[in-house]
Amino acid sequence: MARDARRCRSAWHLAWIGDRIRLWYNAENVATFPGGLVLAMQSYHIAVIPGDGIGQEVTPVGVKVLQAAGALLDACTFDLEWFDWGCDYYLKHGRMMPADGLDILRQFDAIYFGACGFPTVPDHISLRGLRLPICQGFDQYVCVRPARLLPGVPSPLAGIAPGALDLIVVRENTEGLYAGVGGRTHRGHAHEVAMQTQVFTRHGVERIIRYAFDLARTRPRRHLTSATKSNACQYSFVLWDDIFAEVAAEYPDVTTDAQLIDALAARCVTHPESLDVIVASNLFGDILSDLTGALAGSLGLAASTNINPTSAYPSMFEPVHGSAPDISGRGIANPMAAIWSGALMLEFLGQPDVADAMVAAIEATTAAGRVLTPDLGGSATTEEVGEAVLSHLTRQGQLLTT
Ligand code: NAI
Ligand code: MG
């Protein structure tokens, strides 16, 4: 994600505790320097919402790895508050979260989310009662979804070369077809009608495109692809195309192309190596990122952000996947997407070294290939994979301190 977006909302951001400073580290959360100067280690106030289904299984594992990574690198600690919001909460209280849920979350540095939705509650009620109000209420307009084929992970694409799939989908996260504008009327009649309006504002489109250009600029290939359907949607996507061209003129160092979403979906399969950063509307980004996640081996590896880059509100970090009712309760969900999402949270909060260590530990686990969940061809449980990632993380921590 764009480096300038890394910022902590907490008022007492004091110090980066590096290797040398660690020599004087003598108590939890405190580093003491010669001369008696005492600095508190960064602590992050995190709201944890495991949600439903496998969200409840992968989130505790992700939290465990987060805590270990912060401690191993003497970088940060976490002040966690857990919330039981989700479908069970809905069945008891008639809502997915309390009426003042956003006020409660507002005070946190970030939100670490599992998944929401279960067959016990209609999906449009669960999603629109929890995840979407948080994304839209906190103006988390940037959804960043990296997809990279990790060592040891088989892709469903035959013969794909290592490194050939390394892309990021940047999804607009507050408007488009998910804006919630529309209606349904004349229920039960033959002339019943439902309309769901795609909302694009100049403000909303420009800021996500600008974010994607800034991100593309930080990557070696500096290429940005715009996904639209301007041939069929002559108003909304043509506005998007116009703004894309305007903003592109300010980024001569980034190469661009624009492609209709159907052909782009095919290109993800046939020529993934030609893609670097993709910027897409809410719906298209949602669909493409499941596709790219699957191409990178499994939805169980696909991580995601919901960022407000201004930090006016807390941002939220979650796997791309949902609650997977088909495997929930069996302890076999892959926790790597949740762990990777935790790394994206720490990167955003200003701890890129901890984030890199977490991703490196995921990579070491897939490369070793011994402890993997069934989605990656293994037979390990969610917790066993978490332990494997932790042990690779510990080894890295030891390497750093010796
Ligand atoms: P899903 O992402 O939950 O599952 C799709 C397929 O991927 C399933 O076969 C599942 O077993 C597999 N899968 C997903 N995550 C996995 C993991 N970590 N390890 C191994 N396999 C994994 O999508 P689905 O089935 O369409 O939705 C289920 C529920 O989740 C619905 O209620 C839906 O509304 C909700 N949902 C919520 C999201 C969120 O909270 N951000 C995102 C997507 C769906
Ligand atoms: Mg999705």
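Helices (H or I, at least four residues) and strands (E, at least two) are DSSP runs, numbered from the N terminus. With that in mind, select Gly180, which sits in the loop between strand S8 (166-172) and strand S9 (182-185). The model on screen is predicted, so local features need pLDDT of at least 70 and side-chain atom pairs count only at pLDDT 80 or more, while totals for chains, interfaces and linings use all residues. Residues are numbered from 1 along each chain as its sequence is written, chains are lettered from A and ligands numbered from 1 in the order in which they are written, and side-chain values use heavy atoms, with hydrogens and water left out.

**Stop one: Gly180**

Is Gly180 buried, partly exposed or exposed? Buried means under 20% relative accessible area, exposed over 50%, and partly exposed in between (1.4 Å probe, protein chains only). Gly180 has 42% relative accessibility, so it counts as partly exposed. Gly180 and Thr197 are 17 residues apart in sequence, and their C-alpha atoms are 7.7 Å apart in space.

**Stop two: the aromatic rings**

Rings of Phe, Tyr and Trp (its six-membered ring) pair if their centres lie within 6.5 Å; planes under 30 degrees apart count as stacked, over 60 as edge-to-face and the rest as tilted. The whole structure has 10 aromatic pairs. Select Phe200 and Trp240: their ring centres are 5.6 Å apart and their planes stand at 45 degrees, so this pair is tilted.

**Stop three: the cysteines**

How many disulfides does the structure hold? A disulfide is a pair of cysteine sulfur atoms within 2.5 Å, and the structure has 0 of them. Select Cys87 and Cys116. The closest cysteine sulfur to that of Cys87 is in Cys116, 6.7 Å away, which is too far for a bond. Cys87 is buried, at 1% relative accessibility. Cys268 is also buried, with a relative accessibility of 1%.

**Stop four: ligand 1**

Select ligand 1 and its surroundings, taking a residue as near if one of its heavy atoms lies within 4 Å. The ligand is surrounded by 22 residues, and the closest are Cys116, Asp123, Gly322, Ala324 and Asp326. Which residues come within polar contact distance, a pair of N or O atoms within 3.5 Å? At Cys116, a backbone N or O atom lies 2.8 Å from an oxygen atom of ligand 1. His321 has a polar side-chain atom 3.3 Å from a nitrogen atom of the ligand. At Asp326, a side-chain N or O atom is 2.7 Å from an oxygen atom of ligand 1. The elements giving two or more residues to the shell are strand S6 (110-115) and helix H4 (123-137).

**Stop five: two positive phi values**

Return to Ala324, in the loop between S15 and helix H9 (336-349). Ala324 is not a glycine, yet its phi is positive, about 40 degrees. Next select Ser311, in the loop between strand S14 (303-306) and strand S15 (315-319). The phi of Ser311 is near 60 degrees, again a positive value in a residue other than glycine. Ser311 has a relative accessible area of 11%, so it is buried.

Notes. Polar contact = N/O pair within 3.5 Å; in protein donor to acceptor, adjacent residues only side chain to side chain.
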